[in-house]
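Hi,

Here is the structure I promised to pass on. Have a look at it first, and then read my notes below.

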Amino acid sequence: MSENTTAKPLPDPEEVREIMLRPYPVKTKRKRAKQVLLNDPSLPPEIGANTRTVPGIITQRGCTYAGCRGVVMGPIYDLLQITHGPVGCGFYAWLSRRNLARPEDGETNFMQYCMNTDMQEEQIVFGGEKKLKQAIQEAYDIFKPKAIAILSTCPVGLIGDDVHAVAMEMKNKLGINVMGFSCEGYKGVSQSAGHHIANNGVFKNIIGQDDTPNTAKFSINILGEYNIGGDAWEIDELLKRCGIHLTATLSGDVSYGEVARCHTAMLNTVMCHRSMEANSDHLIKLAWPAYV
């Protein structure tokens, strides 16, 4: 830089903030202003981010359904999942996150499918349980999955469809594990409520179903790791070099069978406390009840 060149003064932070907020409508601007704050190193401001989201507004943080279907359940690649609700809610079921999977030979990667009951006005008025049963039967006839999960959206809870009763009926009829998740979008402050609903459902319906002994000398689970962009694969490679077997990654690039026997691992490690705290506690109580 030459001696005659002078650095331009930095813009005023308050003016920059105002420019950033200017395009928003008045109501949205008022909410967004709480999340765009000026930095004061001596007094770090509190960002107003943990506020109730509006179900269906996909530009905000995800709703409860998104946390259950899109975050925790979605990466279980050979678990066939059906969204019960209007087709628009299926956004969070259609590869909206960069979860990657490498299924074993002969296994189907259901992450590439977006199955939805496509509820219409008729089902909203008279109930959608009949249509849900038809969707489950159709999915079973076509794919013959190991298990099926039903994910509820807002209208399902509002009209009172009993997805758990439907799941039990179809489980007895088909002879496979069919489970319901009451993860209607309006249920929580944000998608984290969906994480807990998914965790509880996975623990109740999947974990512990396979007691095949874990023969590895050292084995662990990684909870709250979703293999975004393939990061779980790199972690697994490093663990192998250390002589550690990764029993299950919940729920990045994980199969239904791996989840079913993940309670046989020697150690649970938590990557994302926000999304997997519940399952960590559940696994400890299941694997080592004498120490709890």
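**Aromatic rings and a nonpolar patch**

Phe110, Tyr113 and Phe143 are joined into a cluster by ring pairs. Please keep in mind that this is a predicted model.

The count of aromatic pairs comes to three. One of them is formed by phenylalanine 110 and tyrosine 113, a tilted pair with 6.1 Å from centre to centre and 50 degrees between the planes. Phenylalanine 110 is buried, because its relative accessible area is 7%, under the 20% cut-off. Tyrosine 113, with a relative accessible area of 31%, is partly exposed.

Tyrosine 113 also pairs with phenylalanine 143: the ring centres are 5.1 Å apart and the planes stand at 55 degrees, so this pair is tilted. It links distant parts of the chain, as tyrosine 113 is in the loop between β1 (80-84) and β2 (115-116), while phenylalanine 143 is in helix α5 (residues 129-143), 30 residues apart. Phenylalanine 143 has 24% relative accessibility and so counts as partly exposed.

Two charged side chains lie over ring faces. Arginine 102 is over the face of tryptophan 233, 3.8 Å from the ring centre, and lysine 144 is over the face of tyrosine 140, at 5.2 Å from the ring centre.

At least two residues of the patch come from each of α4 (121-126) and α6 (154-159), and α4 gives the most, with three residues. Leucine 158, which lies in helix α6, counts as exposed because its relative accessibility is 66%.

Best wishes

Conventions
Residues are numbered from 1 along each chain as its sequence is written. This is a predicted model: local features need pLDDT of at least 70, side-chain atom pairs count only at pLDDT 80 or more; totals for chains, interfaces and linings use all residues. Side-chain values use heavy atoms; hydrogens and water are left out. Helices (H or I, at least four residues) and strands (E, at least two) are DSSP runs, numbered from the N terminus. Buried means under 20% relative accessible area, exposed over 50%, partly exposed in between (1.4 Å probe, protein chains only). Rings of Phe, Tyr and Trp (its six-membered ring) pair if their centres lie within 6.5 Å; planes under 30 degrees apart count as stacked, over 60 as edge-to-face and the rest as tilted. A charge sits over a ring if NZ of Lys or CZ of Arg is within 6 Å of the ring centre and within 35 degrees of the ring normal.
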